[in-house]
Amino acid sequence: MAALLRKLRPAANSSSVPIDEDDEVFNVEYSIAMEYHGPPVTYRIPHAAPVDFDHIPTAAAAVAMVTSTSLFHNSSIPVVQPILKKKSEIRPERETKTEQVIVDPSSSERLAGDSVDLRISGEIAGSGEESDEGFQNYMNPTNWESTESGLSSRSLSSEVFSHKEEAEEEEEECGGDTPHHVRRVSVVTFRDPDSRDVVEDEEWSESGEVEAVEERPKAVRTGKKGSCYRCNAGNRFTEKEVCIVCGAKYCSNCVLRAMGSMPEGRKCVTCIGYRIDESRRRKLGKCSRLLKKLISELEVDQIMKSELFCKINQLPANLVFVNGEPLSEEELVRLQNCPNPPRKLKPGFYWYDNVSGFWGKEGQVYCEIISPQLNVGGRISSNASNGNTQIMINGRKINKVELRILQLAGVPCEGELHYWVNPDGSYQQEGMNNVFKGKIWEKVAVKLACALFSLPIPSDTSNPPTEEKERPLSTPVEKKRLNKFLLVGSDQSGTSTIFKQAKVLYNVPFSEEERQNIKLMIQSKLYSYLGILLEGREKFEEESLFQKGKRSLINQPGPSGNTGQIEQTTIYSIGQRLKAFSDWLLKVMASGNLEAIFPAATREYAQFVEDLWNDTAIQATYNRRNELEMLPRNATYFLNRAVEISRMDYVPSDMDILYAEGITSSNSVASVEFSCPKWEQESMVDASLQRDPLLRCQLIRVHSSSLGENCKWLQMFEDVDIILFCVSLSDYDEFFDDRNGGKVNKLMASKQLFESIVTHQSFEKKQFLLLLNKFDLLEEKIDRVPLSRCEWFQDFCPVISSNPTSSSNNNTNSPTLAHRAFQYIAMKFKRHFHALTDRKLFVSLINGLESETVDEAIRYGGEILKWVEEKPKLIADQQVSSTSIEASSSS
Ligand SMILES: Nc1nc2c(ncn2[C@@H]2O[C@H](COP(=O)(O)OP(=O)(O)OP(=O)(O)O)[C@@H](O)[C@H]2O)c(=O)[nH]1
Ligand SMILES: [Ca+2]
């Protein structure tokens, strides 16, 4: 970089600068900008990205530019319009986003610390031959022209296409790689000094969205990551406001200067008149805290209104294509105002089946179900969604995923068939009058499948999984390099905790809806914990009365008479009002209606919670909570903050979410996608690899109760790569009542579920990673409760170490009792797995509440898949998973 810096010099105040490279000295005379002689300016002056001058074949043209009259017609500091190069013309294998040349007549020092510019100039100038071609293209005036005309080369304008064709023709004539900078007259315009430093080549989004016809400016930060785009100060924690056009972010000191009076909402002054960045559409009208702090509420209100309603910010109807035809203004209004409009509509090409209401992006499976029977766009074509099956639905060939769903719903799918499907899921074969019984979306399997493939189902049948709402549509079938993990375990094994950990670990934020759901769950649970306390209180009160009674009989034998009445209260007694509440709550709990009443009733009972919690009787009971078998471990975490949690305005933290039981109140399938953690770490150096969106993991968590009898719905997951089976180590001494009134050991139940899953025909060749969870609880109880409490672990005989208190000693050489127990259990499962499948089981030790152990286990899962793919032999020889046990047990 240092060499590059020396090699590259920005245009400075003088018109002639000698450039030296390494030891050689080049006395290159060049001239690129004029010195500014005007009055001092108050704003920050745009600066130049370095240009490799000895590679510029058009120095003369540059002179011409500067001396062009437009400079003098503009009273402000001249800035050369950034020059763009088409991405494909540089190096197709590299993610080169921005190419820019900005000539700054005034400053050069800033360059040194400016990594963005250096990187970009690296692309421009390069150091070897590989960049030459790109560079020549870059200097090709035909490219300039298409830029200067203010149009994206891929925009809709036919004018641009013709420009481009001409350019290509010329390229062919010249053999493609000679620079042809003298062919055309370059038209270079100068911009206002405060203008966007950079205009970036418009990205053509993967989904083929149509971008606005005129070029939309995009900002490039000149400071370090997270800093303000204007003053370069601050970091990513500094509050900032974003321009809805170019994406520039400004700190509170700069925002008003950069955005002025905001007649079209939050836009840089220079972005006024430009269409907004479509990806920011849903933020329109939603004000940030920053702005509220800076200006009055009234003004904010006004700005937000303009932002939402001013003409230029409206979605342009003619850029929304439905079934091949652009919408008219009326059609767009109709579409946006129907009862169930498409969410987050952007310019783009869509198909719409107006019989069923299916809505999707052209060439893709449907992503939404909107109101049917709208008269918008053209007629649907049979290949609208690029279907490749023989089945048609409402005039459209469906694709494999949809076919799968039809099959699951029991719809006959042999041969070439055409069905008419109604919005409610009822269906009929074309030309037949037999309306089939049942509706497609009613079956659990179909719902599960839809959840898995991120496909919506009609909203009256069931709510689509929350997960999918925030996520852009993606059909997993199209993503080849997605590592799919299926996370499953028996109830309370901790799968939802692990799932939530993954979200926190890999930066997938909880949606508002999830937070809200979890908040309600935490609040409901709080009442059940209180109920358990109150039950305990009654017991303790009785006991203590009984004790007192006995004592008084002993102390005062004879006919003293009144002792019984006097001693009616104990420290466990509560007043009338609380007693009434307590009785009511216990009754509700006994009737099993707690979930139904709370959290709706939270508002009314918050005060009771506070009074209860402050009552000495409850505190005395709480101090004996270890004796309350029913009280779950994590209850303490929430009970300690009972008063805060019971309030209406309680907002659960990430930690609260983690400690809460479950994710959603229903046990639906949940899925989260993130970049493979393993890859990310490896590619610290190579940013392009790190961002490769194809190297992704999907973690699908399914609750055992939704697997159905004999786990029959497991077939839905037959395309996963690895199954993470979760077992709670603390289950070995816990029991639940079965239907016949018998006691079932929870670990035995887990073992049984494990058997059904590993032997399931869909999973014949799958990898299995056993997650032995809740190690902390095992550590806690192994000293008190022998492992043999579980019938499967009868033969556990830990070597008695010379130190009798081995489990708590600090001798690092001998593993603790808990570790030995873990190793023993892991061995039991491995042997069992081997007996069932003749294959090897991988094992990881985790504590669901500790993120590192979960991270480790997920990485381990990724590694297993990599090994399987790359080194099958190595796997066979490997003493399977011993590394994992050692690695994790050291924690
Ligand atoms: N002490 C301890 N508690 C854990 C650990 N992992 C999970 N838990 C708690 O165990 C309880 C059950 O965990 P969940 O994640 O809800 O278990 P699940 O039954 O698989 O999932 P759901 O039934 O959907 O809730 C929760 O209260 C967790 O906070 C752990 O490693 N240590
Ligand atoms: Ca649970």
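**Close-up views of a predicted model**

Phenylalanine 842 is buried, at 3% relative accessibility (buried: under 20% relative accessible area, 1.4 Å probe, protein chains only). This is a predicted model, in which local features need pLDDT of at least 70 and side-chain atom pairs pLDDT 80 or more, while totals for chains, interfaces and linings use all residues. Residues are numbered from 1 along each chain, and side-chain values use heavy atoms, without hydrogens and water.

**View 1. The shell around ligand 1.** Ligand 1 is surrounded by 22 residues (a heavy atom within 4 Å). Among the closest are Gln492, Arg701 and Gly848. For lysine 774, a side-chain N or O atom is 3.0 Å from a ligand oxygen.

**View 2. A stacked pair.** Aromatic pairs (Phe, Tyr or Trp rings, six-membered ring for Trp, centres within 6.5 Å) number 26. Tyrosine 350 and tryptophan 359 are stacked (planes under 30 degrees apart), at 4.9 Å centre to centre and 25° between the planes. Tyrosine 350 is buried at 5%; tryptophan 359 is buried at 1%.

**View 3. An edge-to-face pair.** Phenylalanine 842 and tyrosine 860 pair edge-to-face (planes over 60 degrees apart), with 6.2 Å between centres and 75° between planes. Tyrosine 860 is buried too, at 7%.

**View 4. A ring cluster.** Ring pairs link a cluster that includes Phe725, Trp792, Tyr824 and Phe833.

Key: Chains are lettered from A and ligands numbered from 1 in the order in which they are written. A polar contact is a pair of N or O atoms within 3.5 Å; within protein, one must be able to donate a hydrogen and the other to accept it, and residues adjacent in sequence count only if both atoms are side-chain atoms. Buried means under 20% relative accessible area, exposed over 50%, partly exposed in between (1.4 Å probe, protein chains only).
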